[in-house]
Amino acid sequence: MPQAYHFIAIGGSAMHNLALALHQQGHTITGSDDEIYDPARTRLQHKGLLPADMGWFPDRVHMGLDAVILGMHARVDNPELERARALGLTVLSYPEFIFEQSKQKQRVVIAGSHGKTTITSMILHVLKHHNRKFDYLVGAQLDGFETMVSLTDDTSADAAPIIIIEGDEYASSPIDRRPKFLHYQPHMALISGLAWDHVNIYPTYEQYVHQFELLADQMPKSGVLIFDETDNMLDVIVAKERHDVQKVAYEAHPHVIRDGQTYLTTATNGEVLLQVFGLHNMKNIAGAMAVCDRLGVTEEQFYEAIQSFKGAARRLETVVRSGNKIVYRDFAHAPSKVEATTEAVKAQYPGQTLLACVELHTFSSLNKAFLAEYRHTLDAADVAAVYFNEHTLTIKRLEPISPADILTAFDKPGLQVFTDTAVLTAFIEQNRATTDIFLMMSSGTFGGMDLKSIVDSQ
């Protein structure tokens, strides 16, 4: 039966995808936000869901709504939220809503400080390749998938029996500071690894790790807990006795690198050529394979499908190739991600010169007390640079940091630090002739830099 939902902060990545998925099902969708950027803006506009005016309008919240879905971007004193509460309407964060819509499904949650988007994407790719029926929530746009969210009605004939969920540890909403993944109550959970992040929510490492302990404690009897056995902290979490919970360990899949190509070495399919690379991705593949095995996918079927997996958007994504030069873009911003991605690219192209640049853009990365976590993360690069926008510090109300602070924190000889996009661009141009591989890592945009022009403008 069609329902009416209003989205507060509809422009968010997960929020607008959920809105699009529900609209596709025939539900009535309205929404508000104070700013909406592409691709969300264009996608919402195409479906007639883009708010006519930006801002918050309490009159959009009324008794005809079945529920209000609250995004993390909204503030606690949001006037539409206050109106919904005054009317006694059901207010749900999107993880709460996802759970409500998947109570009758087998729920598989992929969590961890790094790799969760890629592992989730790999599982979705393999299941789709073999025409399996499934619902999903993933944190990046994937080739062959129209939206980042898919939900089928449990009462319909074509209802998916399982849902694969990327489980984020960030807070669920402005009025619910619990991690999103604690709402999903998984039957099967994978934890890829732990590295302190989100210091604005979890000011100590112990508080951060405790959230994953709670996730593991939540596993039901006959549940399956899959983990990277090379991560020492995960060993501590899974060592705790949990009755009737099956524990499954994995490590990096055996592989070889030849002439800039990575191949899985397998007992059933020989050498399997991949379109992704890096030790972290070999771990991601092993984790995805462990999940797929318990969903009834054979080894042969997994290897057949994984060959065509190109990666999730902005995860070691090729921006442009020009002659022997390549520009990669990656979402890496947390220390463990920066280190793993830089090492992966250098291992894939060992005889070539690598210029790696990371933008400090998130609350954690711009937190002066957290900077020391980046020590030696860029060591694999031949040339290294860090960029940050001082205005971003002001917007996020963070303590000022200086280039000297960053030089001390990264402890990388020859590191260059930039606060101006034009100066960073000039630095890259100066190194263009002697650099083979450019790795640009950020959850932002380097101040609007055109990454294609790094090699295209020659």
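In strand 8, Ile-163 is the bridge partner of Arg-107. Strands here are DSSP runs of E with at least two residues, helices are runs of H or I with at least four residues, and both are numbered from the N terminus. The model is predicted, so local features need pLDDT of at least 70 and side-chain atom pairs count only at pLDDT 80 or more, while totals for chains, interfaces and linings use all residues. Residues are numbered from 1 along each chain as its sequence is written, and side-chain values use heavy atoms, with hydrogens and water left out.

Strand 5 (residues 106-111) is largely enclosed by the rest of the structure, because five of its six residues are buried. Buried means under 20% relative accessible area, exposed over 50%, and partly exposed in between (1.4 Å probe, protein chains only). Strand 5 pairs with strand 8 (residues 162-166) in the parallel sense over five bridges. Pairing requires at least two DSSP bridges between two strands. Strand 5 also runs parallel to strand 11 (residues 188-191), joined by four bridges. There, Val-108 stands opposite Met-188.

Asp-176 is found in strand 10 (residues 176-179). Its relative accessible area is 8%, so Asp-176 is buried. Its side chain makes a polar contact with the side chain of His-183 at 2.8 Å. A polar contact is a pair of N or O atoms within 3.5 Å; within protein, one must be able to donate a hydrogen and the other to accept it, and residues adjacent in sequence count only if both atoms are side-chain atoms.

Leu-22 lies in helix 1 (residues 13-24). Leu-22 counts as buried because its relative accessibility is 1%. Beyond four places in sequence, Leu-22 touches Tyr-5, Phe-7, His-27, Ile-29, Ile-69 and Phe-97. Contact means heavy atoms within 4.5 Å.
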